[in-house]
Amino acid sequence: MMNMLRPLCALSAILLVGSCVSAPSQDALSEALFANGRPADARAYGDFLVARFAAMTNDPETAAEYYAAAIDTAPEKSGIAERAVFAALLAGDYRAGVELSQRASQVGSTATLVRLTLGVDALVRGKDSEAAKYLDETEYGPFNRVIARGLSAWRIAEDQGADAAEDYLSRGLTGDADLDSATLYMMGLLQMADRHDAAALATFDALWDSGARLAVGVHAHAQLLAAAGQKARAVEILETFRDEIGQNAAIDGLRSDILAGKRIRPTRLSTREGAALAVYVPAAALMLQTDDDLSGVYFVLALALDPDLHVARSLWGQSLDNAGRRQEAISILSRIPESSEFYATARGQMAWALRREGRNQESLAIAAEALAHAPDRGLKIQLADLYRSLDRYGEAERLLSEIIDADAKASRQDWRIIYARGSAREQTGRWPEAEADLKMALALQPTNASILNYLGYAYIDRGLNYGAALDMIRRAVELEPHSGYIVDSLGWAHYRMGRYDLATRFLERAVELSPGVSLLNDHLGDAYWQVGRKIEARFQWQRALKLDPSESDRVRIEAKMVSGPDIAVLTQAESDAPAPLAVARQP
């Protein structure tokens with residue numbers, strides 16, 4: 001032990017002597033360590049990490065601020081700058097996006113979004129040659145190439161004329177109808193802007209016959225037809241769009257004007273208005289394919305070119321709502337003025353954003369206020385849907401009946417509205433009227449899985465027509481085999497008929513397809529109980545309780561946790577009359 005300690009003692013002595021001779025003071029040590037601040041890259045890395053966290057937590061404004069701070073000090077500048085541009089545009093700050101794009105370009109970035117932003121800004125400022133440099137479509141990927149091509153076409157039309165722009169667009173056609181539709185719509189709008197109406201009509205007719213359905217293009221097509229005296233054809237196109245695609249404020253407004261006998265003047269787009277649509281059209285298609293706010297980046301660019309493109313503002317608000325940025329969505333939508341044909345749509349969107357935030361009274365108030373201001377059909381539908389989402393089915397049914405009555409006077413039937421009223425009536429216990437609505441909706445849409453499922457389930461639930469009802473639900477499953485709700489209906493139908501083993505198979509599949517739905521887990525728990533798998537049954541009920549059931553469902557599920565489910569056993573099959581139900585409690 002002494003031999004081991006001696007070297008340590010000697011070392012201690014050396015250290016003590018050394019400390020007496022040369023040890024710096026604490027102040028000197030602090031000065032030596034901290035005089036030069038943090039390492040050169042530390043701040044950049046810190047800013048980058050804050051920015052990344054902000055981006056991941058849905059705060060693009062903060063992300064843009066910290067990415068911008070990191071550009072000058074980061075070792076790899078261009079990548080940081082590109083992220084800063086994206087975050088600024090995602091936050092809706094066009095001016096910051098342009099400034100950051102300029103900085104990104106200065107540090108060597110050739111990223112797509114950087115060049116696209118600078119190209120748009122050059123068009124906004126009327127700098128044609130500068131725009132041409134940034135919008136060379138050969139430098140873009142497939143999606144952004146469509147945008148760059150459309151922007152370039154309007155730039156060429158301004159500088160060299162519509163014929164040159166049309167030739168330019170023609171060279172970019174691939175022969176694939178799906179890939180070419182956006183380019184052809186731009187061509188039709190350019191022809192229309194240059195008053196080449198016969199050529200524009202031919203372009204739009206070909207697009208329509210190919211099955212393309214773009215609201216902006218269909219609106220222009222119908223305008224040209226109506227102006228040329230083909231009002232019946234124009235109305236037919238507008239109504240077909242509504243039936244196939246759904247409501248659109250501009251489409252509905254034009255249809256009403258034509259039917260009212262108003263003179264229709266085709267809209268002739270300016271260069272900037274056309275360029276805005278060149279950005280908007282692909283962005284709208286992108287939004288329909290995603291559940292995030294990525295498309296908002298492009299809506300910001302479109303609105304920089306045409307601040308009055310209210311349809312872009314409406315879809316931008318929707319993309320923000322989809323991403324959970326609801327306060328921002330409400331702010332964007334509130335900027336659509338009362339004079340806009342999209343005002344009522346925007347107010348309905350705001351009402352739904354508030355509803356998803358749990359601000360139910362504010363939601364209903366804003367929708368009702370807007371409806372009083374402008375009794376718009378689309379807004380009535382929005383308000384009826386709000387009432388249905390709040391289980392206020394009587395008020396929903398009243399509004400839907402108003403719409404159906406108005407439609408009848410116009411010799412029109414909309415299966416969506418009839419189906420919605422049928423479900424509202426079914427929820428309030430008005431079964432004969434509900435059945436009539438549901439059967440009418442099914443007659444109008446015989447291959448619609450939702451109607452087949454709803455009507456079939458309603459019959460099964462009442463012990464009615466359940467041979468035919470089972471066939472309806474089976475057909476719905478064939479049409480939509482990946483819908484957890486519809487597969488659940490088939491399982492539940494077998495459950496109600498006492499076929500518990502078969503029911504279990506379908507209900508397990510339903511939960512696989514839609515694991516986060518309380519009702520589906522609840523149903524599977526019931527089936528497990530009936531086949532003797534009681535531990536698994538209680539597990540499913542516990543899971544159902546964690547998935548935010550309604551208060552009445554919560555009480556019912558908690559009771560089953562103690563003594564099992566009440567089961568309604570159908571004792572009469574294959575009958576058009578109501579089957580008597582025997583209610584039994586399983587121990």
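Arginine 430 counts as partly exposed, at 30% relative accessibility (buried means under 20% relative accessible area, exposed over 50%, and partly exposed in between, with a 1.4 Å probe and protein chains only). The model is predicted, so local features need pLDDT of at least 70 and side-chain atom pairs count only at pLDDT 80 or more, while totals for chains, interfaces and linings use all residues. Residues are numbered from 1 along each chain as its sequence is written, and side-chain values use heavy atoms, with hydrogens and water left out.

**Salt bridges**

Let's stay with arginine 430 for a moment. Its partner in a salt bridge is glutamate 397 (a side-chain nitrogen of Lys or Arg within 4 Å of a carboxyl oxygen of Asp or Glu). Arginine 430 sits in the loop between helix 24 and helix 25 (431-444) and glutamate 397 in helix 23, so this pair ties together parts that are 33 residues apart in sequence. Helices here are DSSP runs of H or I with at least four residues, and strands are runs of E with at least two, numbered from the N terminus. Glutamate 397 is buried, at 10% relative accessibility.

Glutamate 397 also meets arginine 425 in a salt bridge. Here helix 23 (residues 393-409) holds the glutamate and helix 24 (residues 415-427) the arginine, so the pair ties together parts that are 28 residues apart in sequence. Both glutamate 397 and arginine 425 are buried. A network of salt bridges links Glu397, Arg421, Arg425, Arg430, Glu433 and Asp437.

Elsewhere, arginine 125 pairs with aspartate 121. Arginine 125 is partly exposed at 39% relative accessible area, whereas aspartate 121 is buried at 2%. The whole structure has 41 salt bridges, and the table lists the pairs discussed here.

| Salt bridge | N to O distance |
|---|---|
| Arginine 125 and aspartate 121 | 2.8 Å |
| Glutamate 397 and arginine 425 | 3.0 Å |
| Arginine 430 and glutamate 397 | 3.5 Å |

**A helix pair**

Now to helix 16 (residues 271-289) and helix 17 (residues 296-305), which pack at an angle of about 165° with axes 8 Å apart. Axes are lines fitted to C-alpha atoms, for helices over the stretch in contact, and angles run from 0 to 180 degrees between N-to-C directions. The two helices are therefore roughly antiparallel (over 145 degrees; under 35 is roughly parallel, 65 to 115 roughly perpendicular and the rest oblique).

Residues of helix 16 including Arg272, Val279, Tyr280 and Met287 meet residues of helix 17, among them Tyr298, Phe299 and Leu305, where contact means heavy atoms within 4.5 Å.
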